[in-house]
Amino acid sequence: MIARDTIFALSSGALPSGVAVVRLSGPATAGVLERMTGSVPPPRRAKLTAIANGEDVLDRGLCLFFPGPTSFTGEDCGELHLHGGRAVVAAVLDTLGSLPGMRAAEAGEFTKRAFLHGKVDLTGAEALSDLIAAETEAQRRFALANSSEQHRMLYEGWRQQLIHARAMIEAELDFADESDVPGSVAETVWAEVTDLRAAISAHAATYRDAEILRDGYQVVILGAPNAGKSSLLNALARRDVAIVTDEPGTTRDILEVNLDIGGMKVVLTDTAGIREARGRVEAIGIERSLERAERADLVLLLEDAAAPVPFRGLPDRPFLRVGNKSDLLVGQSPDYDCLISTASGDGLERLLDLLRERSAGYRERAGEILPFRARHVALLNEAVESLDAALHGVPEDLELRAENLRVASAALGRVCGDIDVEDLLDTIFSSFCIGK
């Protein structure tokens with residue numbers, strides 16, 4: 001149901017700032033702008049004006065008006081561009097909140113209204129949230145590609161194929177005696193459904209690639225105590241993230257740092273040194289380290305190259321053998337994928353190049369159509385299960401098999417919000433920032 005009240009929020013981020021933007025959306029927008037600035041500016045044209053609460057001038061700034069339905073939300077929208085001082089913004093927000101029919105926006109409510117007015121589908125709305133949160137070039141490109149109509153076009157195309165298949169089956173059921181209705185659709189409809197089922201399943205299977213693009217390529221450093229894991233974390237982060245001492249077992253818990261490597265977000269994790277634990281706390285740290293490594297996209301198996309300690313129990317994950325303390329080697333040439341010195345910095349660029357190469361395949365997929373939310377995958381898998389039931393059903397039970405096709409098409413429709421998603425809206429938009 002589309003709300004009729006008018007909402008407002010600071011949309012430009014933390015204060016103080018050079019400029020602060022307060023957004024409004026709803027039927028009272030034009031009246032509020034006129035009341036606070038003296039007149040409503042021409043559509044989509046900025047007006048420099050005093051912004052006041054009655055006789056009390058709050059600030060002098062820009063006012064813009066975007067009449068619906070040609071606005072972001074589809075409703076009448078307005079913007080007040082203020083000086084970004086905390087007192088200025090607080091005075092304007094307090095004034096807006098005191099006016100009849102006005103209330104502060106909830107998280108994601110502007111985008112929710114855009115969805116309800118048909119300005120954006122659910123996948124596009126979720127992509128806008130990702131675009132705001134993007135930290136790297138790959139995340140930006142991926143979110144921007146997802147904000148287009150490409151997901152809707154893909155899923156709607158699949159849904160239309162299922163609707164057509166169901167119509168053909170029901171035509172056979174209802175008009176089997178008519179001369180212009182095929183006597184059997186098995187060789188045509190079910191062959192198409194089989195191909196469609198394979199396409200949807202393959203698409204759902206790419207979610208992990210999308211997850212890496214959104215959340216980062218997970219790299220875990222494993223090794224014995226004093227191999228230099230924390231020193232490596234600090235060296236790559238270029239700041240002191242972890243405490244470094246000569247005492248073995250200093251790191252007891254998981255430490256993470258986010259890196260931008262070649263435009264790709266890489267989450268680098270320091271872990272407890274792997275050895276026979278000397279206490280309960282250290283044992284818990286080692287257990288957590290191995291659990292994290294089991295979920296890693298890449299493990300850096302770090303060894304003291306000058307005095308290597310054999311490592312047992314390496315998880316079945318892709319890994320690189322990295323030798324540290326190359327500055328202490330004398331006449332040795334150990335067999336490592338990369339030889340470094342966290343003390344001198346030697347070899348760190350080579351290690352960064354290896355991390356860039358390992359994550360490049362995901363970065364190159366940033367422009368592809370991938371399911372980028374767990375919600376999408378759940379619905380896609382629901383569609384696949386229904387198609388399996390239709391394909392493997394009793395041949396004579398065409399009514400039941402046609403119903404399975406309907407369930408599959410409905411699942412695809414819910415991905416983009418075309419069908420029965422009211423119960424999902426609050427959950428989806430609550431993750432947005434206020435003012436978006």
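Guide: Accessible areas here come from the Shrake-Rupley method with a 1.4 Å probe, and for residues only the protein chains shown count as cover. By this method, the protein chain has an accessible surface of about 20,700 Å², and 51% of it belongs to carbon and sulfur atoms. The model is a predicted one, in which local features need pLDDT of at least 70 and side-chain atom pairs count only at pLDDT 80 or more, whereas totals for chains, interfaces and linings use all residues. Residues are numbered from 1 along each chain as its sequence is written, and side-chain values use heavy atoms, with hydrogens and water left out.

Visitor: How many helices and strands does the protein chain have?

Guide: The protein chain has 14 helices and twelve strands, where helices (H or I, at least four residues) and strands (E, at least two) are DSSP runs, numbered from the N terminus.

Visitor: Why is Ala114 called buried?

Guide: Buried means under 20% relative accessible area, exposed means over 50%, and partly exposed is in between (1.4 Å probe, protein chains only). Ala114 has 0% relative accessibility and therefore counts as buried. This residue is found in helix H3 (residues 109-116), and, leaving aside its neighbours within four places in sequence, Ala114 is in contact (heavy atoms within 4.5 Å) with Phe72, Thr73, Lys119 and Val120. Across the protein chain, 47% of the 436 residues count as buried.

Visitor: What makes helix H9 largely enclosed by the rest of the structure?

Guide: Helix H9 covers residues 229-237, and seven of its nine residues are buried, so the helix is largely enclosed. The buried residues are Lys229, Ser230, Leu232, Leu233, Asn234, Leu236 and Ala237. They pack against strand E7 (217-223), strand E8 (255-261), strand E9 (264-270), strand E10 and helix H11 (348-363).

Visitor: How do you know that Arg214 and Asp130 form a salt bridge?

Guide: A salt bridge needs a side-chain nitrogen of Lys or Arg within 4 Å of a carboxyl oxygen of Asp or Glu. The closest N and O atoms of Arg214 and Asp130 are 2.9 Å apart, so the pair meets the definition. Asp130 counts as buried at 12% relative accessibility, while Arg214, with a relative accessible area of 22%, is partly exposed.

Visitor: Which residue pairs with Arg365 in a salt bridge?

Guide: The partner of Arg365 is Asp209, and their closest N and O atoms are 2.3 Å apart. This pair, too, links distant parts of the chain, since Arg365 lies in the loop between H11 and helix H12 (374-391) and Asp209 in helix H8, 156 residues apart. Asp209 has a relative accessible area of 19% and is therefore buried. The structure holds 25 salt bridges.

Visitor: Why is Asp316 called exposed?

Guide: Asp316 has 73% relative accessibility, so it counts as exposed. Its place is in the loop between strand E10 (298-304) and strand E11 (319-324). Together with Glu287, Glu291 and Glu294, Asp316 forms a negative surface patch.

Visitor: What makes a group of residues such a patch?

Guide: Patches are made of residues with over 30% relative accessible area and no salt bridge, like charges being joined within 9 Å and nonpolar side chains (Val, Leu, Ile, Met, Phe, Trp, Tyr) within 5 Å. Lys and Arg count as positive and Asp and Glu as negative, while His and the chain ends are not counted; the place of a charge is NZ of Lys, CZ of Arg, CG of Asp or CD of Glu.

Visitor: What is the phi of Asn226?

Guide: Asn226 has a phi near 65°, which is positive, and the residue is not a glycine. Most residues other than glycine have a negative phi, and most peptide bonds are trans. Asn226 lies in the loop between E7 and H9, and its 35% relative accessibility makes it partly exposed. Lys325 also has a positive phi, of about 65°, and lies in the loop between E11 and strand E12 (338-339).

Visitor: Which peptide bonds are cis?

Guide: Among them are the bond joining Leu15 and Pro16, with omega about -5°, and the bond from Gly68 to Pro69, with omega near 5°. Pro16 is in the loop between strand E1 (6-10) and strand E2 (17-25), whereas Pro69 lies in the loop between strand E4 (56-66) and strand E5 (77-84).
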